[in-house]
Amino acid sequence: MIHEALRLIRVFHDLKQVELAEKLGVSKSHISEIEKGNKSPSLDLIQRYAAEFKIPVSSIMFFAEELPNAKSGEKIRSKIAGKVIDILRFVERKADAEDAA
């Protein structure tokens with residue numbers, strides 16, 4: 001889920017992968033692989049995201065929880081994280097629709 005959160009954070013800030021890669025000092029392909037979920041972001045990279053977007057690291061790490069592996073007490077946290085992702089996707093779709101108009 002963290003890969004989708006990182007992608008949506010980038011999209012929310014209206015940055016292309018190449019622009020974000022430049023700001024974070026990594027390759028565009030590395031950003032692409034993370035956003036697809038093929039690679040996991042390092043803690044260092046998460047810290048760079050946090051600094052770039054002025055978001056607490058803990059807020060980004062909130063999405064690092066694996067839903068299938070969640071214990072019963074953590075399932076509520078996972079559901080909340082999923083709902084936040086849904087809200088960010090809604091914002092993304094709305095912005096795309098406004099751009100198309």
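In helix H2, Leu 20, Lys 23 and Leu 24 meet a set of residues in helix H4: Leu 45, Arg 48, Tyr 49, Glu 52 and Phe 53. Sorted by type, the residues of this contact are 5 nonpolar and 3 charged, with no polar ones. The model is predicted.

Now look at the geometry of that pair. H2 spans residues 17–24 and H4 spans residues 43–53. Their axes lie 10 Å apart and the packing angle is about 100°. Angles of 65 to 115 degrees count as roughly perpendicular, so H2 and H4 are roughly perpendicular to each other.

Turn next to helix H1 and helix H3. H3 covers residues 28–36, and H1 covers residues 2–12. These two helices pack at an angle of about 125°, with axes 7 Å apart. H1 and H3 are therefore oblique to each other. On the H1 side, the contact uses His 3, Leu 6, Arg 7 and Arg 10. On the H3 side, Ile 34, Glu 35 and Lys 36 take part. The contact of H1 with H3 divides into 2 nonpolar residues, 1 polar and 4 charged.

Side chains of opposite charge can pair when their charged atoms come close. Across the whole structure, a search finds 4 salt bridges.

Finally, consider the surface. Phe 12, Ile 87, Phe 90 and Val 91 make a nonpolar surface patch of about 410 Å².

Terms used. Residues are numbered from 1 along each chain as its sequence is written. This is a predicted model: local features need pLDDT of at least 70, side-chain atom pairs count only at pLDDT 80 or more; totals for chains, interfaces and linings use all residues. Side-chain values use heavy atoms; hydrogens and water are left out. Axes are lines fitted to C-alpha atoms, for helices over the stretch in contact, and angles run from 0 to 180 degrees between N-to-C directions. Helices (H or I, at least four residues) and strands (E, at least two) are DSSP runs, numbered from the N terminus. Angles under 35 degrees count as roughly parallel, over 145 as roughly antiparallel, 65 to 115 as roughly perpendicular and the rest as oblique. Contact means heavy atoms within 4.5 Å. Ala, Val, Leu, Ile, Met, Phe, Trp, Tyr, Cys and Pro count as nonpolar, Asp, Glu, Lys and Arg as charged, and the others, Gly among them, as polar. Patches are made of residues with over 30% relative accessible area and no salt bridge: like charges are joined within 9 Å, nonpolar side chains (Val, Leu, Ile, Met, Phe, Trp, Tyr) within 5 Å. Accessible areas come from the Shrake-Rupley method with a 1.4 Å probe; for residues, only the protein chains shown count as cover. A salt bridge is a side-chain nitrogen of Lys or Arg within 4 Å of a carboxyl oxygen of Asp or Glu.
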